[in-house]
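Reader: I'm new to this one. Can you walk me through it?
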Amino acid sequence: MYTRYADDLAFSGGQDFERRVNRFSTHAAAILMDEGFNVHHRKTRVMRQGVRQHLAGLVANEHVNVIRADFDRLKAILTNCARSGPATQNRESHPDFRAHLEGRVGFVNSINPAKGKRLRAIFEQIRF
């Protein structure tokens, strides 16, 4: 599936940017409104270094990575599928649970190939 809809913007910078982030935010909002976009100021977040920076379901600190809890949850689901069978883990009744899991493993692989490889090894042990 492809969509052109996007509603999040992210900016990053060093210490100079951090000192001017409030002014930058005001200017960015003005440009967006001038271009006809709505700015939801209540949703604007300034995430400084040293804090886990979430963006679009990922962690974006030093490098982009999957959220640890999401990775751990998927690893547990795959492990339980390998041990007890996929039917025991398909709690949301996905019609093609194999494709669902394979897609989730592929997503992790696209963000972090080392973690994706570990999940793929567990996925390959599942008997569908």
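Author: We'll go through a helix, then some rings, then the charged pairs. Keep in mind that this is a predicted model.

Reader: Start with helix 5. Which of its residues are buried?
Author: Helix 5 covers residues 113-123. Its buried residues are Lys115, Gly116, Leu119, Ile122 and Phe123.

Reader: Where do those buried residues fall, seen down the axis of helix 5?
Author: They fall within an arc of 120 degrees, so they line one face of the helix.

Reader: And what does the face turned away from the buried side carry?
Author: That face of helix 5 has the exposed residues Pro113, Ala114 and Lys117.

Reader: What covers the buried residues of helix 5?
Author: The cover includes strand 3 (64-66), helix 3 (68-84) and helix 4 (97-111).

Reader: Back to Lys115. Where does its charged end sit?
Author: Over the ring of Phe71. The charged end of Lys115 is 4.9 Å from the centre of that ring.

Reader: Rings, then. How many aromatic pairs are there?
Author: The count is three aromatic pairs. One of them joins Phe17 and Phe24. Their ring centres are 5.0 Å apart. Their planes stand at 65 degrees, so this pair is edge-to-face.

Reader: Why edge-to-face, at 65 degrees?
Author: Because planes over 60 degrees apart count as edge-to-face, and Phe17 and Phe24 have theirs at 65 degrees.

Reader: What about the rings of Phe123 and Phe128?
Author: The centres of the Phe123 and Phe128 rings are 5.6 Å apart, with the planes at 45 degrees, so that pair is tilted. Phe123 is buried, at 2% relative accessible area. Phe128 is partly exposed, at 44%.

Reader: Which residues form an aromatic cluster?
Author: Phe11, Phe17 and Phe24 make up one aromatic cluster.

Reader: New topic. How many salt bridges are in the whole structure?
Author: A search finds six. Let's take Glu102 as a way in.

Reader: OK. What does Glu102 form with Arg98?
Author: Glu102 and Arg98 form a salt bridge, and their closest N and O atoms are 3.2 Å apart. Both residues lie in helix 4. They are four residues apart, about one turn of the helix.

Reader: How do the side chains of Glu102 and Arg120 meet?
Author: In a salt bridge, with N to O at 3.4 Å. Glu102 is in helix 4 and Arg120 is in helix 5, so the pair ties together parts that are 18 residues apart in sequence. Arg120 is partly exposed, at 28% relative accessible area.

Reader: And where do Arg120 and Glu124 come in?
Author: Their side chains also meet in a salt bridge, 3.6 Å from N to O. Glu124 counts as exposed, at 53% relative accessibility.

Reader: Which residues are linked in a network of salt bridges, then?
Author: Arg98, Glu102, Arg120 and Glu124 are the linked residues.

How values were computed:
Residues are numbered from 1 along each chain as its sequence is written. This is a predicted model: local features need pLDDT of at least 70, side-chain atom pairs count only at pLDDT 80 or more; totals for chains, interfaces and linings use all residues. Side-chain values use heavy atoms; hydrogens and water are left out. Buried means under 20% relative accessible area, exposed over 50%, partly exposed in between (1.4 Å probe, protein chains only). Helices (H or I, at least four residues) and strands (E, at least two) are DSSP runs, numbered from the N terminus. The arc is that of the directions from the helix axis to the C-beta atoms. Contact means heavy atoms within 4.5 Å. Rings of Phe, Tyr and Trp (its six-membered ring) pair if their centres lie within 6.5 Å; planes under 30 degrees apart count as stacked, over 60 as edge-to-face and the rest as tilted. A charge sits over a ring if NZ of Lys or CZ of Arg is within 6 Å of the ring centre and within 35 degrees of the ring normal. A salt bridge is a side-chain nitrogen of Lys or Arg within 4 Å of a carboxyl oxygen of Asp or Glu.
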